[in-house]
Amino acid sequence: MDDIQLLASIESYLAGEMSPTEVSVFEALRKKTPEIDQMVVEHKLFQHQMEDYAATFNIKHTLHEVHNRLLENGDVNEGGELSTKAQVFQLWNRYKRVTAIAASVGGVIALVISGLVAYFSPVVNGNQIQQLSKDIEIIKRNQQYQGSLINEVKSKIPNGVTVISGGSGFLIDPKGFIITNAHVIKGTAAVVVDSKGKEYNASIVHIDTKKDLAILKINDEDFTPLKSLPYSIGKSNADLGDEIFTLGYPRNDIVYGVGYLASKTGFNGDSLSYQIQISANPGNSGGPVLNNNGEVIGVLSTRQAQADGVAFAVKSKNIFEFVNEAKESDTILENIKIPVHSSMKGTQRKQQISKVADCVFNVKAFSKK
Amino acid sequence: MKSEQNEQALLKGLANNDSRAIETIYKDNFSMVQAFVLNNNGSYDDARDVFQEAMIALYEKAQSESFVLTCQIKTYVYSICRRLWLKKLQQLGRFSNQVDNLDETVPVEEDLEIHEKRNAEFAIMDRAMKSLGEPCKSLLEGYYLKKMGMQELAAEFGYTNADNAKNQKYKCLMRLKKLFFSQYNIGD
């Protein structure tokens with residue numbers, strides 16, 4: 001009897017679909033051959049497992065649906081905006097006309113007031129916070145410094161264009177997707193340089209200036225995708241006092257910095273970022289901020305100009321939201337898989353650094369003519 | 001008492017995967033669990049995961065025939081969630097703000113142990129299904145999860161008749177069993 005037939009008869013035997021004569025023949029066979037007996041027992045167990053699996057699978061599905069429905073109706077609230085769609089609709093229908101009038105009056109007033117404010121108010125807060133992207137001056141110097149190198153190895157920065165801005169960035173997917181700050185990317189294309197000095201062409205895939213995040217994709221034949229990333233991107237909030245470290249490119253060589261999480265909010269109570277105590281310099285922007293477990297907890301972005309060592313990092317949670325939003329608008333992002341398991345838990349810092357360094361890049365943005 | 005009957009009816013609905021009953025339980029209990037998780041160093045996502053896990057544990061319990069819930073659904077769900085979340089925090093090596101012990105809870109350790117075992121079994125089957133590849137995965141999903149008939153499956157997947165589909169199903173099933181048992185026996 002071949003395997004398929006055997007399996008078919010075991011199934012119909014267990015389901016009670018056999019005729020009495022078939023059953024007696026089959027049971028005799030079971031008694032005679034222990035292997036078949038064993039298979040029947042095994043299959044019964046398997047079927048039971050499959051039933052449990054199907055039940056759990058379906059209940060998970062239902063729970064998911066219910067959650068989303070309740071979220072939509074506003075019965076469940078997950079922060080953000082209260083999505084009381086149904087209610088809003090009712091209110092909208094009732095107050096349509098009033099709203100329209102109020103809105104136009106409000107609009108006019110707002111315009112007048114903002115005009116007045118802009119006219120009369122002094123410039124405040126201009127330099128309190130400093131983005132850590134390298135400005136043109138520094139880049140210019142770097143390029144002069146690189147002059148000698150460029151003669152030996154031809155740079156991938158096209159001739160005749162100037163680098164506008166630069167900073168750091170790190171991989172969020174081994175296939176070559178790099179995350180960095182939006183303010184690092186002021187041009188239309190970029191070249192990224194790894195810790196060994198190798199350059200790769202990269203394209204700008206998605207930018208969100210509000211979250212101050214951007215995604216680059218390495219498009220270069222010379223780039224060999226990594227097997228996996230050593231760190232994970234943290235989903236939950238970090239704790240005050242967590243020891244942290246960062247790697248970045250304030251110079252053309254990679255630089256390590258260490259510090260601690262100083263506050264769960266950023267500049268002026270900004271809840272999208274952390275305040276960290278670390279020495280950061282222009283060029284550190286876009287670098288990863290990691291904790292002892294090798295979890296990325298943020299993206300280093302700005303520092304306070306008048307205070308020493310006070311820097312701010314965009315919370316890693318935003319990376320998930322940012323990538324999900326980006327996925328909707330761009331299909332090449334569909335197969336981005338953000339790493340959620342760190343392989344560096346419990347390893348020594350020196351090992352952690354050498355692993356992370358392979359995934360941190362020097363980003364140089366320029367405008368194509 | 002009326003409310004007690006009500007709760008029994010809800011649990012029966014849950015056991016039958018009835019989305020209206022689930023919605024009612026969800027509405028009555030979710031915000032309580034969410035508040036607990038958020039107050040203890042968790043995020044909105046954590047709250048959802050913990051709550052849904054507790055719902056599954058309750059569902060498993062409600063399915064067994066000998067099932068009697070000796071306390072209110074609210075108390076049970078809260079106890080499970082509390083246990084799950086504190087455990088998770090411990091695993092992450094993160095502390096919790098001292099959780100006040102004034103809340104009413106019931107012992108759920110045993111139930112959770114059973115639930116964890118089923119969780120592990122679910123993961124094994126899930127992995128086996130996912131490594132099966134197409135069209136086996138969809139075919140078996142159609143048969144076992146969506147409970148489609150052989151005739152229907154043959155039409156959906158483009159087999160010329162139900163017998164061919166059935167033949168293919170058995171081939172896939174044999175592969176799935178192999179994958180499943182290679183993991184399952186190690187787990188024992």
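**Exercise 1. Two hairpins in chain A**

Task: Find how many residues lie between β4(A) and β5(A) in their hairpin, and which turn residue has a positive phi.

Solution, step by step.
- β4(A) and β5(A) form a hairpin with 5 residues between them. In its turn, A:Gly197 has a positive phi of about 90°. The model is predicted.
- Now place the strands. β4 of chain A spans residues 189–193, and β5 of chain A spans residues 199–208. They pair in the antiparallel sense over 4 bridges.
- Pick one bridge: A:Val191 has A:Asn201 in β5(A) as its partner.
- Move on to the next hairpin, β5(A) with β6(A). Here 4 residues sit between the strands, and A:Asp212 takes a positive phi near 60°.
- β6 of chain A covers residues 213–218 and runs antiparallel to β5(A), joined by 6 bridges.
- Two facing pairs can be located. A:Ile204 stands opposite A:Leu216 in β6(A). A:Asp208 stands opposite A:Leu213 in β6(A).

**Exercise 2. From hairpins to barrel**

Task: State which strands of chain A make up the closed barrel, and in what order.

Solution, step by step.
- α6 of chain A (residues 317–329) lies across β2 (163–173), β3 (177–180), β5 and β6 of chain A. Its angle to β6(A) is about 65°.

**Exercise 3. The cores**

Task: Say how many residues the largest nonpolar core has, and which have the most contacts inside it.

Solution, step by step.
- The largest nonpolar core has 57 residues. A:Ile178, A:Val192, A:Val289 and A:Ala313 have the most contacts inside it.
- Take A:Val289. Leaving out residues up to four places away in sequence, A:Val289 touches, among others, A:Ile244, A:Ile276, A:Leu300 and A:Ala313.

**Exercise 4. Where the chains meet**

Task: Work out which helix of chain B gives the largest share of the side that touches chain A.

Solution, step by step.
- Count the residues: 31 from chain B and 29 from chain A take part in the contact.
- List the helices of chain B that each supply at least two residues to that side: α2 (19–39), α3 (44–63), α5 (109–130), α6 (136–145) and α8 (162–187).
- The largest share comes from α3(B), with 8 residues.
- Sort by class: the chain B side has 15 nonpolar, 6 polar and 10 charged residues.

Note on methods. Residues are numbered from 1 along each chain as its sequence is written. Chains are lettered from A and ligands numbered from 1 in the order in which they are written. This is a predicted model: local features need pLDDT of at least 70, side-chain atom pairs count only at pLDDT 80 or more; totals for chains, interfaces and linings use all residues. Two strands pair if DSSP finds at least two bridges between them. Two residues are in contact if their C-beta atoms, placed from the backbone, lie within 7 Å. Ala, Val, Leu, Ile, Met, Phe, Trp, Tyr, Cys and Pro count as nonpolar, Asp, Glu, Lys and Arg as charged, and the others, Gly among them, as polar. A nonpolar core is a set of buried Ala, Val, Leu, Ile, Met, Phe, Trp, Tyr and Cys residues joined through C-beta atoms within 7 Å. A residue is buried if 20 or more other C-beta atoms lie within 10 Å of its own, exposed if 12 or fewer, and partly exposed in between; C-beta atoms are placed from the backbone. Axes are lines fitted to C-alpha atoms, for helices over the stretch in contact, and angles run from 0 to 180 degrees between N-to-C directions.
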